[in-house]
Amino acid sequence: MIGPELKTLREGRGMDQRAFAEHLNGQLGRSYDKARISRWESGAERIPAQVAKFVAAEMAPKALVPKRCIILAVANQKGGVGKTTSAVNLAFLLANAGLKVLLIDSDPQASATAHLGIDQAEAHAAGNTLYPVLRQEKPITDVIVPVCDGLFDLVPSTIALANVDIELASDPVNGGPLAMRDRLEPLRGIYNAVVIDCGPTLSMLTVNALNAADQLLVPVQTETLAGLGVSLLLETANKLRRRSNPGLQILGLLPTMYTSRNAAEKLTLEELHELFGKVIRIFDPIPRTTKFTQSARAQLPLLKAAPNAPGAEVYHEITRTLITHMIAEDGRVAS
Ligand SMILES: Nc1ncnc2c1ncn2[C@@H]1O[C@H](COP(=O)(O)OP(=O)(O)OP(=O)(O)O)[C@@H](O)[C@H]1O
Ligand SMILES: [Mg+2]
């Protein structure tokens, strides 16, 4: 167990560090204090094996009592900015925290499907993809496949989804921009978290995902003019909020593939803070590392294979924020 995991579990139980120390002391007959918990969580000190074992056995499965299902769309019309990487690793961390999680691959490129080792052609042949669901041929519960050793579930994608934009647009009654929201409704009674990995366009499919979502996370690569694309997406989100999905909240911007030594990237990060920092949460950047690509090739979420990989703490922070929303009485927390 690593510090961020411990923090996620502790916060999921609604305990501050002092209350957690008292809980541990009561259960394990020790005399830990708040400062010690803080050092474990920051990684400054190793978590004792006895504590790790206790927390894993006693706290994890029943640690979280979510009051509502959160549907999170991971979107940016810009390609290759870390949407799929973020969606896959967040689904893993949420599931690892003891939540029931579904990842929906809503991108015809089927990158999340491949990342989790599901063969797109086989899923297509078996009809286990998002496509027949959007066409109202199958309920979503019929196309779900377990992934990551059964830790969480996936609705795979297929290239056939590339046709669905036209089909949705030409059928305003069963299709239109609200089709996905309709088809996902049964999931709220089954899952604690549904993560939608969107494709790199502001297509009908992406608009459907934004209309189905409670929260939007926008991965953004720290390259010149990144702010323009973000403005466009946020404008779309605002329009949808006015017209069709008033509950949509922006979870935040997630700068990705960041090299702090690179002056241009540093400047872009500062620009993002100047442009959006007052109105939207900007998470700490995910460093650039080839480990993400290697893990995608190995068909594993990186944070399963390497829990301490660069960027782990940031993905844990996003997970904690989502959990805070899930367990908040009214679903609205300051972020
Ligand atoms: N922090 C990172 N550092 C370096 N490479 C990364 C990082 N995050 C993701 N990558 C790699 O960058 C590429 C694009 O990432 P990813 O597929 O997650 O982006 P995407 O936004 O989903 O792309 P698309 O728009 O095509 O769906 C992948 O090869 C991925 O492994
Ligand atoms: Mg992708």
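Ligand 1 is surrounded by 17 residues, each with a heavy atom within 4 Å of it. Gly-80, Val-81, Lys-83, Thr-84 and Thr-85 are the closest. This is a predicted model, where local features need pLDDT of at least 70, side-chain atom pairs count only at pLDDT 80 or more, and totals for chains, interfaces and linings use all residues. Residues are numbered from 1 along each chain as its sequence is written, ligands are numbered from 1 in the order in which they are written, and side-chain values use heavy atoms, without hydrogens and water.

Start with the oxygen atoms of ligand 1. A side-chain N or O atom of Lys-83 lies 2.8 Å from one. A backbone N or O atom of Gly-82 is 2.9 Å from an oxygen atom of the ligand. For Asp-107, a polar side-chain atom lies 3.4 Å from a ligand oxygen. Alone, ligand 1 exposes 630 Å², and the protein buries 82% of that (Shrake-Rupley method, 1.4 Å probe).

Now the shell. Helix H5 (83-96) and helix H14 (291-297) each give two or more residues to it; helices here are DSSP runs (H or I) of at least four residues, numbered from the N terminus. H5 gives the most, with three residues.

Where does ligand 1 sit? Ligand 1 sits in the largest pocket, with more than half of its atoms within 2 Å of the pocket's grid points. A pocket is an open set of points on a 1 Å grid over the protein atoms alone, where a 1.4 Å probe fits, with protein on both sides within 12 Å along at least five of seven lines; lining residues have an atom within 4 Å of a point. The largest pocket is lined by 24 residues. Gly-80, Val-81, Gly-82, Thr-85 and Met-257 lie nearest its centre.

Definitions and conventions:
Polar contact = N/O pair within 3.5 Å; in protein donor to acceptor, adjacent residues only side chain to side chain.
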